[in-house]
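Take a look at the structure below. We start at the ligand and then turn to charged pairs.

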Amino acid sequence: MIPIAKPLLGEEEAEAAREAVLSGWVSQGPQVAAFEADFAAIVGARHACAVSNCTTALHLALLAVGVGPGDEVITVSHSFIAGANSIRQCGAVPVFVDIDADTFNIDPKAIADAATDRTRAIMVVHQMGMPCDMAAVLNVARDLGVPVIEDAACGIGSEILFDGAWRKIGRPMGDIVCFSFHPRKVLTTGEGGMLTTESDAYDANFRLWRQHGMSVSDRARHSSATVIFEDYPVRGYNYRMTDIQAAVGRQQLRRLSHVIARRRALAERYRAALRGMNGVTPPHEPDWARSNWQSYCVWLAEDLDQVSVMQAMLNAGIATRRGIMNMHQEEAQADVPRPHALTRSEAARDHCVLLPLYVQMTNAEQDEVISALDAAIQTSRVRRAG
Ligand SMILES: *Cc1c(COP(=O)(O)O)cnc(C)c1O
């Protein structure tokens, strides 16, 4: 069976977790601080603050820019449901806009139309690792005078040509960037998240909020030579990452350039093979973007049935997934007003298929996927014709 994805974890991560356990310090402590420093250096951000997952990162990011009850946040429906949930956790309302069919990312032209006097933030997603058109997004955001949060859950290692130079996703172009270390992403700590920002004030708030709004960290209290009492100036949350996770994360970061190189090589092999295949369109990478290819998403031709193609692949021992979900089509978000057309989002969910892509995948395994896809398309066509 060829899986859709597979985390890359080895002896280095196992040893790092072991050392963290045996150090006696397992909650947020020195490993978290070191992971944050490593992460900030790699992406080129002034601050990196580790949290329990990307959903809690998004929640803190929204709070930091002042999103509260009754506010509106312009975002895409075509993304993981955590996006809308984090907005609603602030008491705010997501305003869903459509995507660009080529990149599966927010259509910058749709943002201005969706703005009202209640718009408090724009939350864009670097979907499946593909950078958004941030120059266009920031133009609109500046006109509107609203902050931009980047959901880079899948974006570690991706790069964008911005202001004339290549930079890593995570060095904020908007105000705050949020990452996930769930095993389905490019690097993993089991569960985990990271917030990057250039703002000292935002970063200070993240650190306060993630540990119950407590003024002194456990580490500072533990290492203090004088008696200190903590206080609780603001209401907070428990959104901390553990030192065991952070120790694993530091080892994962060391693999990043190898991981990205292999993922990009596999994506290039897919592109070369699928370009000439009848019935599929490989994903588009704009010349200003270098994706980490967290997922490899192809469009199926109009006349093909998504489920029969996926079933034929599964019968051949190959796992696939349908296109990215749409939050507005899920019952949990059925009460969200839907004033804007989401036609391209709906088409992408129902006519796209995600193909297996992971670092350990061999060229031979990938060739198997490619042949199976070709065969699946032909069987589906025959079945449909007959
Ligand atoms: C995975 C994902 C999330 C949620 O990340 P968690 O770490 O699981 O909370 C949010 N947004 C997007 C786009 C994702 O892909």
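**Around the ligand**

The shell around the ligand has six nonpolar, five polar and two charged residues. Here Ala, Val, Leu, Ile, Met, Phe, Trp, Tyr, Cys and Pro count as nonpolar, Asp, Glu, Lys and Arg as charged, and the others, Gly among them, as polar. This is a predicted model: local features need pLDDT of at least 70, side-chain atom pairs count only at pLDDT 80 or more, and totals for chains, interfaces and linings use all residues. Residues are numbered from 1 along each chain as its sequence is written, and side-chain values use heavy atoms, with hydrogens and water left out.

In total, 13 residues surround the ligand (a heavy atom within 4 Å). The closest are Cys 54, Thr 55, Asp 151, Ser 180 and Lys 185.

Ser 180 places a polar side-chain atom 2.7 Å from a ligand oxygen. Cys 54 uses a polar backbone atom, 2.9 Å from an oxygen of the ligand. For Asn 53, a polar side-chain atom lies 3.4 Å from a ligand oxygen.

**A charged pair**

Side chains of opposite charge can pair when their charged atoms come close. The structure holds 21 salt bridges (a side-chain nitrogen of Lys or Arg within 4 Å of a carboxyl oxygen of Asp or Glu). One of them joins Arg 255 and Glu 13, with the closest N and O atoms 2.7 Å apart.

Key. A polar contact is a pair of N or O atoms within 3.5 Å; within protein, one must be able to donate a hydrogen and the other to accept it, and residues adjacent in sequence count only if both atoms are side-chain atoms.
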